[in-house]
Number of protein chains: 2
Amino acid sequence: MIGKLNHVAIAVADLPAAVAQYRDLMGADVSEPLDLPEHGVTTVFVRLPNTTIELLHPLGENSPIAKFLQRNPGGGMHHVCYEVEDIHAAMKRMQSEGVRVLSAEPKIGAHGKPVIFLHPKEMNGVLVELEQA
Amino acid sequence: MIGKLNHVAIAVADLPAAVAQYRDLMGADVSEPLDLPEHGVTTVFVRLPNTTIELLHPLGENSPIAKFLQRNPGGGMHHVCYEVEDIHAAMKRMQSEGVRVLSAEPKIGAHGKPVIFLHPKEMNGVLVELEQA
């Protein structure tokens, strides 16, 4: 069911510093910051040859990343995203084994594609996003 | 400097359950468990088309994963590993910008290749492994 690792998301407290670190110190291909107000984040894509690291920083009120940074002031790994072919089938399959999905229906994610998030409690403590590729 | 994302490591409290979840529920290609006593872990490789998820479970006394699971009983994301061409050059470069390296010299990692670990404090709260590819 799952295909590629689409991205690993890292919540960062200081976005310009994190961008400088990945771009200048580690020599990675780093995008311009992209504001996604509907998701409460500013995102920077670190494009590695085989996958993407997404640096997430809070944007606006009630950002989920702001809450994460309250618990983890220095930042940290926020979630992983696996690709699936059919988001509705994936949702049913995970729910059939008792994995909680954090929305009643798939939502449109940061890449304009349908996504769901799976509860970390059933996923080895990891917030897992599934994205229809 | 950094190349591919070599793997994402997830510490798991119940290895057989995590294996069953990735293999049977999510349909991924999952290896047999591999004991690595010198690293204090049992590892299972979840081979995705573009990278690997490593499920880590404590093995023996003083396992670093046991300490992680004490703090995070349900498991969680443990580290990410980026590939580099020259581990000594990478070590010098990171140290030159004040990033602490968790060993005085590169060590041989779980894949038989030289690795270093970078302190999460300087890496946005993320434990980062660099592996000479």
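Across the interface of chain A and chain B, the rule finds zero salt bridges. This is a predicted model. The whole structure does hold salt bridges: a search over all chains finds six. One of them links A:Arg47 and A:Asp29, with the closest N and O atoms 3.5 Å apart. A salt bridge needs a side-chain nitrogen of Lys or Arg within 4 Å of a carboxyl oxygen of Asp or Glu, so this pair qualifies. A:Arg47 sits in strand S4 (residues 41-47) of chain A and A:Asp29 in strand S2 (residues 29-30) of chain A, so the bridge ties together parts 18 residues apart in sequence.

**What the interface holds**

Polar contacts do cross between the chains. The count between chain A and chain B is 21 residue pairs, with both residues at pLDDT 80 or more. Which elements of chain A give two or more residues to the side that touches chain B? They are strand S1 (5-11), helix H1 (15-25), strand S6 (76-84) and helix H3 (87-96). The largest share, six residues, comes from S6(A).

| Class | Residues on the side of chain A |
|---|---|
| Nonpolar | 22 residues |
| Polar | twelve residues |

In total, 39 residues of chain A are in contact with 39 residues of chain B. The area buried between the two chains is about 3,300 Å². Carbon and sulfur atoms give 64% of that area. In chain A, the residues that lose the most area to chain B are A:Leu25, A:Met77 and A:Asn124. Together they account for 22% of what that side buries.

**An aromatic pair across the chains**

The count of aromatic pairs over all chains is two. One of them is formed by A:Tyr22 and B:Tyr82. A:Tyr22 lies in helix H1 of chain A and B:Tyr82 in strand S6 (residues 76-84) of chain B, so the pair joins two chains.

**How the copies are related**

Note on methods: Residues are numbered from 1 along each chain as its sequence is written. Chains are lettered from A and ligands numbered from 1 in the order in which they are written. This is a predicted model: local features need pLDDT of at least 70, side-chain atom pairs count only at pLDDT 80 or more; totals for chains, interfaces and linings use all residues. Side-chain values use heavy atoms; hydrogens and water are left out. Contact means heavy atoms within 4.5 Å. Buried area is the accessible area (1.4 Å probe) that two parts lose on being put together, summed over both. A polar contact is a pair of N or O atoms within 3.5 Å; within protein, one must be able to donate a hydrogen and the other to accept it, and residues adjacent in sequence count only if both atoms are side-chain atoms. Helices (H or I, at least four residues) and strands (E, at least two) are DSSP runs, numbered from the N terminus. Ala, Val, Leu, Ile, Met, Phe, Trp, Tyr, Cys and Pro count as nonpolar, Asp, Glu, Lys and Arg as charged, and the others, Gly among them, as polar. Rings of Phe, Tyr and Trp (its six-membered ring) pair if their centres lie within 6.5 Å; planes under 30 degrees apart count as stacked, over 60 as edge-to-face and the rest as tilted.
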